[in-house]
Amino acid sequence: YEYSDMVSEYSIISQDIESGTKTKDINELTVSVSEGPNPDKEIIVPDMDGWNSERVINYVLDNYLNNVDVSFEKSDKAEDTVIEQNKSGSMKRSDELKLTFSLGEELDNSDVKMADLINKSEFEAIFYLKQHRIKYEIEKEFSKNIVRGNVSNQSVKVGNIVKVDSDDDKVTITISKGKSIKVPDLKKMSMVEITEWVVANKLKLEFTNQYDDSVKENEVISTNYSKGDKIEQGSTVKVVISKGNLVMENFKSFDEFKKWADKYDISYEEKHEFSDDVPQGEVISYSYKKGDTIKNGDSIVVTISDGKECKVPDVIGMSKSKAIDALEEAGLNYNFVTQSSSKSKNTVIKQSISAG
């Protein structure tokens, strides 16, 4: 999914394999789907001082500005024109743009005949209500027929009279959330069926793969929505697909095993023991053999060599030279420190690891 000002939302922008290519020659196809205009794209906003309302509304809609706040106040400037603007120049579409319009020098307090706001954008509807000093509140609900973000209902019918600046004559406008989409039992559907359902309902789709010994390969393990859930257009449906049984592989080193286990979220535990045959730090054995199926939640025990077993000699009381001979014969590393003692010079009086 990627943003595009040119390609309408949910339509295909591009594909990375040319049409006509034989499917037997394709390993993977990537299709780019439009998310519509980027709400955070940086644009240059002009100085709108003196612009009339129609010009401003057209600019806001044409340039996909999504955080515009308008207000109206008395002014000696021409009625219905911009008299104040909080910023211009380089800014993101999502940055707040505040515009103040003139109501003229003399306020018209006569009642207003209600206009038809159905199918207008939320911005256009709010603009109209503020422009005519009509108090309002907003609700949102699903709608089968009205595009998401547009007005689907208004509490005052077209042509009815509304008092200006009156809390008693407050108008409620309902903004469409798009049609209510009821989630089917996705676990019983194939990847193709899920994809078709997602595309038809203008949703987004995210597939991930996971090994699972209890779910057949290419069948659904889990989804982020359950059967019967009601979701909005544009929601992301996340589906985990089974890769079938995870089979134990052959590994050249413990590091190679760890990367594999971490990749597939397999738990394992290390066990250490002496070995005359396997060098220190290398793997003696795994609790699974190559080709064995690793079941969900199982842990692999890895036995690692501590090298050859070595019995520590008792060197206390020996001279330094004799202690060196005994330690080297046992294959141990060593170092000496000196300490005052009543014993003869260069006689061992302590050892860090006990004999045996």
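**Close-up views of a predicted model**

**View 1. Around V158, in a loop.** V158 touches M114, A115 and D116, leaving aside residues up to four places away in sequence; contact here means heavy atoms within 4.5 Å. You'll find V158 in the loop between β10 (151-154) and β11 (161-162). Strands (E, at least two residues) and helices (H or I, at least four residues) are DSSP runs, numbered from the N terminus.

A quick note on the model: it is predicted, so local features need pLDDT of at least 70 and side-chain atom pairs count only at pLDDT 80 or more, while totals for chains, interfaces and linings use all residues. Residues are numbered from 1 along each chain as its sequence is written, and side-chain values use heavy atoms, with hydrogens and water left out.

**View 2. An open sheet of three strands.** The order is β4-β7-β5, and the pairing is mixed; two strands pair if DSSP finds at least two bridges between them. At the edges sit β4 (68-73) and β5 (82-85), each pairing on one side only. From one strand to the next, the twist averages 25°. Axes are lines fitted to C-alpha atoms (for helices, over the stretch in contact), and angles run from 0 to 180 degrees between N-to-C directions. β4 and β7 (residues 97-102) pair in the parallel sense, over six bridges. Look for E73, which stands opposite S102 in β7. Helix α2 (residues 122-131) packs on the sheet and touches β4 and β7, its direction making about 15° with that of β4.

View 3. R133 has its place in the loop between α2 and β9 (136-141). R133 counts as buried because its relative accessibility is 13%, and buried means under 20% relative accessible area, exposed over 50%, and partly exposed in between (1.4 Å probe, protein chains only). Its side chain joins that of N109 through a polar contact of 2.5 Å. Such a contact is a pair of N or O atoms within 3.5 Å; within protein, one must be able to donate a hydrogen and the other to accept it, and residues adjacent in sequence count only if both atoms are side-chain atoms. Beyond residues up to four places away in sequence, R133 touches L103, L107, D108, N109, V164 and D165.

**View 4. D40 and its contacts.** D40 is in the loop between β2 (31-33) and β3 (42-45). With a relative accessible area of 41%, D40 is partly exposed. Setting aside residues up to four places away in sequence, D40 touches K92, R93 and S94. The side chains of D40 and S94 are joined by a polar contact of 2.5 Å.
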